[in-house]
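I am opening a notebook on a structure that is new to me. The entries follow the order in which I looked things up.

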Amino acid sequence: MKLFLVASDLSDRSARAVQRALRLAAAHGAACHVLHVVDEDLPIDIAAQMRAGAAERLVDHVKSLEGGAAATTEAVIGDPILAIVEAAHARGADLVVFGTHRPRAFLDMLRETTVERMVRLVDPPALVVRNPAERDYARVLVPVSFSHACAKALSTARTLLPAAEISAFHAVHLPFAGLTHERPGGPMDRELTAEAEEVRTEWCATQGLPNALCEVAPITGSLGQVMDQRVQSFKPDLIALGAHTRGRLSAHTLGSFAADLLRNPPTDLLLADT
């Protein structure tokens, strides 16, 4: 990886993202570029004043963080989301880093959050930083649905964190368990688990994944249940997942599971889209 692009609004949430990006850039010997966008809808004189002030403050902000790598900074006027997307494309960023979104309970029920939209629109994988960057990532949890996006998430996690422990799982859902009284270890569970193992083998071959990334454990339960269990037992400091684009009528174009995690992340998130 050669370039990390960080979006900063100069908040504490963004400071964590900048510090994490600096730490990762230092580990990879990569460049780090920090971008602040002043909303173009403001009156032009006010926007210009804010851009000048933000540019100066951004330099001091980055210097105050201990990340182990130097960074370039830039403040521009534009659409806050599109400017970041365009910068990621123009600079050939390998990873785009954001802080978590500011919750707006009512609006969040009606539309995508800003972070959801940015993750969906940027081409490279996105890292959403929730926690202070006090240490390197050591444990990465990866839910897998045997899609191309999941393979990309796994590969990106390994490239980004070559020394981290990666634990990947596939949730084996037992349909109508309340009606059939099917239980883990029963006939249906064994059949569905065997089917998941066959799909896993085909998926690994199709995606060209190395054997070390194909150790995806089938675990019986709903995706939400298994995720909660694995978060509690494995205690990841990063969750990597494939974000799946939905149709126009869907409430969340990234997929409801990814959207829910983005809105209430248990830890930092790495997302790779199709």
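This is a predicted model: local features need pLDDT of at least 70, side-chain atom pairs count only at pLDDT 80 or more; totals for chains, interfaces and linings use all residues.

**Entry 1: Ser-256**

I began with a single residue. Ser-256 has a relative accessibility of 47%, so I put it down as partly exposed, a class that lies between buried (under 20% relative accessible area) and exposed (over 50%), using a 1.4 Å probe and protein chains only. I found Ser-256 in helix H10, residues 256-263.

Residues are numbered from 1 along each chain as its sequence is written, and side-chain values use heavy atoms, with hydrogens and water left out.

**Entry 2: the whole protein**

I counted ten helices and ten strands. Helices (H or I, at least four residues) and strands (E, at least two) are DSSP runs, numbered from the N terminus. Of the 274 residues, 47% are buried. Taking contacts (heavy atoms within 4.5 Å) with a separation of 6 or more, I see that 78% are between residues 24 or more positions apart.

**Entry 3: the sheet**

In what order do the ten strands of the open sheet stand? I wrote down S3-S2-S1-S4-S5-S10-S9-S6-S7-S8, with mixed pairing; two strands pair if DSSP finds at least two bridges between them. S3 and strand S8 (216-220) are at the edges with a single partner strand each, so one side of each has no neighbour in the sheet. From one strand to the next, the twist averages 25 degrees.

I then followed some of the pairings. Strands of a sheet pair through backbone hydrogen bonds, in a parallel or an antiparallel way. S4 and S5 run parallel and are joined by four bridges, with Val-97 having Leu-127 in S5 as its bridge partner. S5 and S10 are antiparallel, with three bridges, and here Leu-127 stands opposite Leu-270 in S10. Strand S9 (residues 238-243) pairs with strand S10 (residues 268-273) in the parallel sense over six bridges. Leu-241 has Leu-271 in S10 as its bridge partner.

I also checked which way the side chains of S5 point. In a regular strand the side chains alternate between the two faces of the sheet. From S5, Ala-126 and Val-128 point one way and Leu-127 and Val-129 the other, and all are buried.

Does the length of H2 agree or disagree with its number of residues? The expected span of a helix is 1.5 Å times one less than its number of residues. For the 20 residues of H2 (residues 44-63) the span should be 28 Å, and the end C-alpha atoms are 29 Å apart, which agrees.

I listed the buried residues of H2 as Ala-47, Ala-54, Leu-58, His-61 and Val-62. They cover an arc of only 70 degrees around the axis, which puts them on the same side of H2; the arc is that of the directions from the helix axis to the C-beta atoms. They pack against helix H1 (12-28), strand S2 (31-39) and strand S3 (72-78). On the face turned away from the buried side I found the exposed residues Gln-49, Glu-56, Arg-57 and Lys-63.

Helix H3 (residues 80-91) lies across strand S1 (3-7), S2, S3 and strand S4 (95-99), and runs at about 155 degrees to S2. Axes are lines fitted to C-alpha atoms, for helices over the stretch in contact, and angles run from 0 to 180 degrees between N-to-C directions.

**Entry 4: salt bridges**

How many salt bridges does the structure hold? I count four, where a salt bridge is a side-chain nitrogen of Lys or Arg within 4 Å of a carboxyl oxygen of Asp or Glu. I looked at some of them.

- Arg-13 and Asp-9 meet at 3.4 Å, N to O. Arg-13 is partly exposed at 28% relative accessibility, and Asp-9 is partly exposed at 42%.
- Asp-136 and Arg-23 have their closest N and O atoms 2.6 Å apart. Asp-136 is in the loop between strand S5 (126-129) and strand S6 (139-143), and Arg-23 is in helix H1, 113 residues apart.
- Arg-263 and Glu-116 have their closest N and O atoms 2.7 Å apart. Arg-263 is in helix H10 and Glu-116 in helix H5 (residues 114-121), 147 residues apart.
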